[in-house]
Amino acid sequence: MIAGQGVMGRTGARPELMVGREGLAARTVVVASVDAGLRERLRRSLTGLRWQVREASGGAEAMAHLEMARPEALLLDSWLPDLEVGEFAGQIRLLYPGVDLIRADGGAESGGVRSPRRNELLHALREAQDGGISDAVQERVMIGGVERVLVEEPVRRVVASASDDGVLIPEMVGRSEPMRELARLIRLVAPRSATVLIEGETGTGKEVVAKALHRLGGRAGKSFTVLNCAAIPETLLEAELFGHTRGAFTGAVQSRTGRIEAAHGGTLFLDEIGEMPLALQAKMLRFLECGELQRVGDNETVRVDVRVIAATHQPLEQRAEERLFRLDLYHRLAVFPVEVPALRERMEDLPLLVAYFLEEMGKDAPRKGVSDAALAKLGEYGWPGNVRELMHVLERGAILAGDRPEIGVAEIRLRARVRA
Ligand SMILES: Nc1ncnc2c1ncn2[C@@H]1O[C@H](COP(=O)(O)OP(=O)(O)OP(=O)(O)O)[C@@H](O)[C@H]1O
């Protein structure tokens, strides 16, 4: 069965996914590494590339997967806790000559014919390895009487290349043109300290983009702090962001560090920035311009080094023109604007996203597939809630399918009035 006639009909793209009782991801790869972070990054990127990933933290576990899962490929880290890698690789060659062996240390077995499949896996491996490396230079300094770790501009091992359009971001599932463009922009701006404004409808993945910017930048090893400006009452937001001294206002029984100061050295993600009250916007602008802030009720100025990434689902420029948002703050935030596409604008990514979420759900419960008709139904929908809505529809579908291995058309419950 070939998936996604409905999707194909919509976009003209040809999803290469196989669906049916075997599930959507037809190819299997074993990832053998003691590094859980590397395995996780590989699992995410390879799942997006339609691989079913079996993880092994050592050689013996990898061997068991090779025996049980009969995979097409094995990605082997340069060190294993229980077996000597070179010897293990030699055994694999003998016992499983049909398995594509890719070694992280570039050992002899990683040669051979450079098939598209090998290239794809090698590429994913390099990406995942780079994602784990932070070459940030750290320095301890005293700020406001407190020792802080300051992160200098990093000397990154891998510098983003604007022309490298084949390189996607592992945690962002999608290979459509809008996602390629987004990945290109992320890679360009991540290593810089410029403020980024992420715009996009609800559920498109703005926070995913913000995290990718943090991970690929020089502050990867530092904190990533999220503050949703819409979730905190207006009266508390200033103190939450900037901190306050004891007695600064009724109820301030002790002094408190604000989120900006707490994020020192790292990245501060201001979600729903459009909801920030106008009075606070002036204070935020001052901080962005000089990197200094004053706690509520305090005269002392504190210098804070933080990268600010903001997100909005509102048309912020328009709100600024309507004087609902400060125009000067808009320009300061939008040094580098990034637009995350709505799901309906990249429907060719739908099968990949479905495969990815089924795989994710398969970690806690028996893995399910999706019938052709169900996938077609998903392809005909308008997705006002974007990727988040797709995830929830699949979760609900999997529960409704009960013990059946496949989510059928009846289990796909969509909001009636928003069909494309
Ligand atoms: N490209 C993607 N690949 C994988 N998962 C994604 C992708 N985009 C979004 N998601 C998932 O969808 C959910 C919603 O994403 P996220 O919270 O980043 O959206 P958002 O645009 O910030 O939403 P909101 O505007 O409501 O804050 C999350 O669970 C996220 O992991």
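The residues of the shell around the ligand divide into six nonpolar, seven polar and four charged. Here Ala, Val, Leu, Ile, Met, Phe, Trp, Tyr, Cys and Pro count as nonpolar, Asp, Glu, Lys and Arg as charged, and the others, Gly among them, as polar. This is a predicted model: local features need pLDDT of at least 70, side-chain atom pairs count only at pLDDT 80 or more, and totals for chains, interfaces and linings use all residues. Residues are numbered from 1 along each chain as its sequence is written.

Stay with the ligand. Of the 17 residues around the ligand, Val173, Gly205, Lys206, Glu207 and Val387 come nearest. A residue is near a molecule if its C-beta atom, placed from the backbone, lies within 6 Å of it. Helix 7 (206–216) and helix 15 (386–400) each supply at least two residues of this shell. Helices (H or I, at least four residues) and strands (E, at least two) are DSSP runs, numbered from the N terminus.

Now turn to the sheets. Strands of a sheet pair through backbone hydrogen bonds, either parallel or antiparallel. Four strands form an open sheet in the order 2-1-3-4, and the pairing is parallel. Two strands pair if DSSP finds at least two bridges between them. Strand 2 (51–56) and strand 4 (100–103) are the edge strands, and each pairs on one side only. Strand 3 (residues 73–76) and strand 4 pair in the parallel sense over four bridges. In strand 4, Asp100 stands opposite Ala73.

Helix 2 (residues 36–48) packs on this sheet and touches strand 1 (27–32), strand 2 and strand 3. Its direction makes about 165° with that of strand 2. Helix 3 (residues 59–69) lies across strand 1, strand 2 and strand 3, running at about 170° to strand 1. Angles run from 0 to 180 degrees between N-to-C directions, and axes are lines fitted to C-alpha atoms, for helices over the stretch in contact.

Another open sheet has five strands in the order 8-11-14-7-15, with parallel pairing. Its edge strands are strand 8 (224–228) and strand 15 (336–339), each pairing on one side only. Strand 11 (residues 267–271) and strand 14 (residues 307–312) pair over four bridges. Phe269 has Ile309 in strand 14 as its bridge partner.

The axes of helix 13 (residues 350–361) and helix 14 (residues 372–379) come within 11 Å and cross at roughly 120°. That makes helix 13 oblique to helix 14. Angles under 35 degrees count as roughly parallel, over 145 as roughly antiparallel, 65 to 115 as roughly perpendicular and the rest as oblique.

Conventions. Contact = placed C-beta atoms within 7 Å.
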